Amino acid sequence: MTRLSVNINKIATLRNSRGADMPNVVNAAINAEKFGAEGITVHPRPDERHITYQDVDDLSKVVTTEFNIEGYPNKKFMELVLKYKPTQVTLVPDAPDAITSNAGWNTIDNKSFLSEIVQELRNADIRTSIFVDPDPKMVEAAANIKASRVELYTEPYAAMYSIDRDAAIKDYIEAADVAYMNGLAINAGHDLNLENLAYFAQQIPILAEVSIGHALISDAIYLGMELTILKYKECLRR
């Protein structure tokens, strides 16, 4: 079954808005796992505007499921992940001032750069995932880079879902088929929610993992974290 990794960046955003320690990201991660999350995702950005480097240290001591750290592989990021050795590192091409991830890697143009990064992570026994658009050429190039997985960027799917869900999923099915044929496991993330997640998972049954933050944390404000996680996991079971 597809695993649910809860991205807790928004917990840190709320905490940082008051400059104290409420809500506490460590407690949020512990509770998310207790309520059924099969992974915890964080994305420490260079300006530490939500998850901080200290948070990564604190979380590394308590996460008992899969710990997934996302980020652009600059020197500081690489030092961080090689120090803490999470289960998975997801490489994203974000500019330092990006509000959120908004495109996948061009794995063809960046083959040399990414190959060196992936090899360094593989040498440290860290699973690697490359954030890509649902483009078969980019997926195939990610396999040539020797990544373990690709994470399909799902904002375009989410934007089109309510208009024509069959058209919305078409490119993702093709990209997933290419990933499978090239030995890559498939993750997905960005704007997946309780409305569109079940259909996405149904159409891509080989989906290994979804990473969901903004929508899940928003739903938890109304439903509570425990019920929200149960509802997201139910979407993945259908």
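Which unit do E5, helix H6 and E6 make? In this predicted model, strand E5, helix H6 (residues 136–144) and strand E6 make a right-handed β-α-β unit. The two strands of the unit, E5 (residues 127–132) and E6, pair in the parallel sense over four bridges. Within this pairing, isoleucine 130 stands opposite valine 150 in E6.

The unit is part of a wider arrangement. Eight strands close into a barrel with parallel pairing, in the order E1-E2-E3-E4-E5-E6-E7-E8. From one strand to the next, the twist averages 25°. Strands of a sheet pair through backbone hydrogen bonds, and the sense may be parallel or antiparallel.

Strand E7 (residues 185–189) pairs with E6 in the parallel sense over five bridges. Valine 150 has isoleucine 186 as its bridge partner in E7, and tyrosine 153 stands opposite glycine 189 of that strand.

Strand E6 (residues 149–153) is largely enclosed by the rest of the structure, because five of its five residues are buried. In a regular strand, side chains alternate between the two faces of the sheet. Both faces of E6 are covered: one side carries Arg149, Glu151 and Tyr153, the other Val150 and Leu152, and all are buried. Arg149 also takes part in a network of salt bridges that links it with Arg3, Glu66, Arg127 and Glu209.

Across the whole structure, a search finds eleven salt bridges. Side chains of opposite charge can pair when their charged atoms come close. In one of the eleven, the side chains of aspartate 55 and arginine 15 meet, with 2.8 Å from N to O. This pair links distant parts of the chain, since aspartate 55 belongs to helix H3 (residues 53–60) and arginine 15 to helix H1, 40 residues apart. Aspartate 55 has a relative accessible area of 4% and is therefore buried. Arginine 15 counts as buried because its relative accessibility is 6%.

Aspartate 47 forms a salt bridge with arginine 49, and the closest N and O atoms are 3.0 Å apart. Aspartate 47 is partly exposed at 45% relative accessibility, and arginine 49 is partly exposed with a relative accessible area of 28%. The side chains of lysine 137 and aspartate 135 also meet in a salt bridge, at 3.5 Å from N to O. Lysine 137 is exposed, its relative accessible area being 53%, whereas aspartate 135 is partly exposed at 22%.Helix H10 (residues 214–223) has the buried residues Ala215, Leu216, Ile217 and Ala220. An α-helix has 3.6 residues a turn, so residues three or four places apart point the same way. The cover over the buried residues of H10 includes strand E1 (3–7), helix H1 (9–16), strand E8 (207–212) and helix H11 (225–237). Helix H11 lies across E1 and E8 and runs at about 140° to E1. Just after H10, glycine 224 takes a positive phi of about 90°.

Most residues other than glycine have a negative phi, and most peptide bonds are trans. Glutamate 48, which is not a glycine, has a positive phi of about 55°. This glutamate is found in the loop between strand E2 (39–42) and H3, and it counts as partly exposed at 28% relative accessibility. Aspartate 191 also has a positive phi, near 65°, and is found in the loop between E7 and helix H9 (197–203). The relative accessible area of aspartate 191 is 38%, which makes the residue partly exposed. The peptide bond from methionine 22 to proline 23 is cis, with omega near 0°. Proline 23 lies in the loop between H1 and helix H2 (25–34).

Asparagine 106 lies in the loop between strand E4 (88–91) and helix H5 (111–123). A polar atom of its side chain lies 2.8 Å from the backbone nitrogen of aspartate 109. Asparagine 106 counts as partly exposed, at 27% relative accessibility. From C-alpha to C-alpha, asparagine 106 and isoleucine 69 are 20 Å apart in space, and they are 37 residues apart in sequence.

Note on methods
Residues numbered from 1 in each chain as written. Predicted model: local features only at pLDDT ≥ 70, side-chain atom pairs only at ≥ 80, totals over all residues. Heavy atoms only, no water. Buried < 20%, exposed > 50% of the residue type's maximum accessible area, 1.4 Å probe, protein only. Pairing = 2+ DSSP bridges. Right-handed = clockwise from strand over helix to strand, strands pointing away. Contact = heavy atoms within 4.5 Å. Polar contact = N/O pair within 3.5 Å; in protein donor to acceptor, adjacent residues only side chain to side chain. Salt bridge = Lys/Arg side-chain N within 4 Å of Asp/Glu carboxyl O. Axes fitted to C-alpha atoms, helices over the stretch in contact; angles between N-to-C directions.
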